[in-house]
Amino acid sequence: GLWGALTALSPQDWEQRQEEDTLLIERILLLIRNVLHVPPDPTEEQGVDGDASVHDRVLWALHVSGMDDLLKFLASAQVEQQWALHVLEIISLMFRDQNPEELGALGQGPAGAEHREDTQELEMLRQRELAEKRARALQRPSR
């Protein structure tokens, strides 16, 4: 599908991508933007308190698919500045229903401590994985 087409292009390949690849990326970004832009319908979303809204479920699907990582790459890569406005609009729509005070308080209190612990654990796992990759690379016979 569309996501497979995007992930098939590694960052190195993107330097040599063709016009059709660029159009595909733009269409995917516009599709994501349009899906996130749909306003909530209170009559459709009368679930039990604590139920995830449709918007939240879309965000979760983007996260599970890895699309959020692609958005971070497009936002931070110097050579991908052409997508900056699309990515900025998508990020703005992702946080549309969030309360700024609650987001700001995320790093404080018990929830913030748990979040910091999770982040530290993920960083340790990432460092271990990088060390294993380096060790495997050194074990390969040179030609």
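This is a predicted model: local features need pLDDT of at least 70, side-chain atom pairs count only at pLDDT 80 or more; totals for chains, interfaces and linings use all residues.
Select glutamate 89 to begin: at 32% relative accessibility, this residue counts as partly exposed.

**Stop 1**

Arginine 33 sits in helix α3 (residues 19–37) and glutamate 89 in helix α6, so the pair, 56 residues apart, links distant parts of the chain.

**Stop 1: the whole fold**

Zoom out and show the cartoon. How many helices and strands are there in the protein? Count eight helices and zero strands. Along the sequence the pattern reads α-α-α-α-α-α-α-α. Switch to a surface view next. The protein has 143 residues, and 20% of them count as buried.

**Stop 2: confidence**

Colour by pLDDT. The average for the protein is 78, and 74% of the residues score at least 70. Which element has the lowest mean pLDDT, and which the highest? Select residues 11–14: this is helix α2, lowest among the elements with a mean of 54. Then select residues 84–94: helix α6 has the highest mean, 90. Helix α6 is also where glutamate 89 of the first stop lies.

**Stop 3: salt bridges along helix α8**

The structure holds four salt bridges. Go now to helix α8, residues 109–139.

Select arginine 126 and glutamate 123. Their side chains meet in a salt bridge, 3.1 Å from N to O. Both residues lie in helix α8, three residues apart, which is about one turn of the helix. Arginine 126 counts as partly exposed at 44% relative accessibility. Glutamate 123 is partly exposed too, with a relative accessible area of 32%.

Move on to lysine 133 and glutamate 129. Here the closest N and O atoms of the salt bridge are 3.7 Å apart. This pair also lies in helix α8, with a spacing of four residues, about one turn of the helix.

**Stop 4: a negative patch**

Stay on the surface view. Select Glu114, Glu117, Asp118 and Glu121. They gather in a patch of negative charge on the surface. Centre on aspartate 118, which has its place in helix α8. Its relative accessible area is 39%, so aspartate 118 falls in the partly exposed class. Patch members need over 30% relative accessible area and no salt bridge, so the residues here are not the bridged ones of the previous stop.

**Stop 5: a nonpolar patch**

Finish with Ile91, Phe95 and Leu103. Together they make a nonpolar surface patch of about 250 Å². Zoom in on leucine 103, found in helix α7 (residues 100–105). Leucine 103 counts as partly exposed, at 36% relative accessibility.

Key. Residues are numbered from 1 along each chain as its sequence is written. Side-chain values use heavy atoms; hydrogens and water are left out. Patches are made of residues with over 30% relative accessible area and no salt bridge: like charges are joined within 9 Å, nonpolar side chains (Val, Leu, Ile, Met, Phe, Trp, Tyr) within 5 Å. Accessible areas come from the Shrake-Rupley method with a 1.4 Å probe; for residues, only the protein chains shown count as cover. Lys and Arg count as positive and Asp and Glu as negative; His and the chain ends are not counted. The place of a charge is taken as NZ of Lys, CZ of Arg, CG of Asp or CD of Glu. Helices (H or I, at least four residues) and strands (E, at least two) are DSSP runs, numbered from the N terminus. Buried means under 20% relative accessible area, exposed over 50%, partly exposed in between (1.4 Å probe, protein chains only). pLDDT is the predictor's confidence in each residue, from 0 to 100.
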